[in-house]
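Hi everyone, thanks for coming.

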Amino acid sequence: MEDRGSSFVAVRRIPQGETCHSNSAEVVAGSAAWLGRGLSCVCVQRRDSDASNSFDLTLAQEECLQRLQRRIDVPYDSSIIEHQDALRALWNAAFPEEELHGLISEQWKEMGWQGKDPSTDFRGGGFISLENFLYFARNFPKSFQDLLRKQEGDRSVWEYPFAVAGVNITYMLIQMLDLEAVKPRNLVGATFLKFLAENESAFDLLYCITFKLMDHQWLSMRASYMDFNAVMKATRRQLEKEILVEDITRLEDLPSYKLLSR
């Protein structure tokens, strides 16, 4: 996946009953902290020993990896009807009570996109990041809504943007699991392919687990927007630790899976 620079916008939580007035004190912008280049400094680091390792795959694992890699290689394309329909479906899952006025609309900022056109943010994760969102919304709607609306825990005044964080998680998982290699070069990636061979939706399920775990870490660390990279590092460390537990045979056995609610 190409390393791309970007910018982020931190989201200020407005207490109930308080009117939101946007000004320079309420929106903090910075360079390369959420997508592409800023995330790669968190997620793309590889141990020297990993680079020389390569794990053999069964035929089933190899075929599953290739199918997943084909999904990863698909960029989001706003001219493709299927992609447009998926984006509308995401809006309807997120805000079923609110009509979307257009695929380019200021409404998207309510979900945590950086601007009125979500396609500009998908370049960090491709179409698979949209598929991840939809899987999360459809299979764990309560957790999806809790994270979208920041309904759990003692939240920071400056919160992470839900949508942009979700694209970051897709990107992080691809790097952590070494999914762009012909064969995995680290034990975490090789172990994940065992899960994938048993469950074709394993990547999507792991995305849901990771998103919920990231928010759990965010709350535990009492984080604010400047701590996002530290939270992502902590999330990755915990996820790797759980995946490598010897008696874990499926993703539903991960301790962090219990954080999810349907």
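How are H4 and H6 oriented relative to each other? Before I answer, please keep in mind that this is a predicted model. The axes of helix H4, residues 81-94, and H6 come within 10 Å and cross at roughly 85°. Angles from 65 to 115 degrees count as roughly perpendicular, and therefore that is what we call H4 and H6.

Who makes the contact? On the H4 side we have Leu90, Ala93 and Ala94, and H6 brings Phe144, Gln145 and Leu148. Sorted by class, that gives five nonpolar residues, one polar residue and no charged residues.

Ring pairs join Phe144 into a cluster with Tyr76, Trp113, Phe122, Phe133, Phe136, Phe162, Tyr207 and Phe211. For the whole model, the count is 16 aromatic pairs.

Let me zoom in on one of those pairs, phenylalanine 140 with tyrosine 257. The geometry is edge-to-face, with 6.2 Å centre to centre and 80° between the planes. Phenylalanine 140 sits in the loop between helix H5 (127-139) and helix H6 (141-148), while tyrosine 257 belongs to the segment after helix H10 (228-243), so this pair ties together parts that are 117 residues apart in sequence. Are these two residues buried or exposed? Phenylalanine 140 and tyrosine 257 are both buried.

Lysine 150 has its charged end over the ring of tyrosine 160, 4.3 Å from the ring centre.

That's my tour, and I'm happy to chat about any of it.

Technical notes. Residues numbered from 1 in each chain as written. Predicted model: local features only at pLDDT ≥ 70, side-chain atom pairs only at ≥ 80, totals over all residues. Heavy atoms only, no water. Phe/Tyr/Trp six-rings, centres within 6.5 Å; stacked < 30°, edge-to-face > 60°. Helix = DSSP H or I, 4+ residues; strand = E, 2+ residues; numbered from the N terminus. Buried < 20%, exposed > 50% of the residue type's maximum accessible area, 1.4 Å probe, protein only. Lys NZ or Arg CZ within 6 Å of the ring centre and 35° of its normal. Axes fitted to C-alpha atoms, helices over the stretch in contact; angles between N-to-C directions. Parallel < 35°, antiparallel > 145°, perpendicular 65-115°, else oblique. Contact = heavy atoms within 4.5 Å. Nonpolar A, V, L, I, M, F, W, Y, C, P; charged D, E, K, R; others polar.
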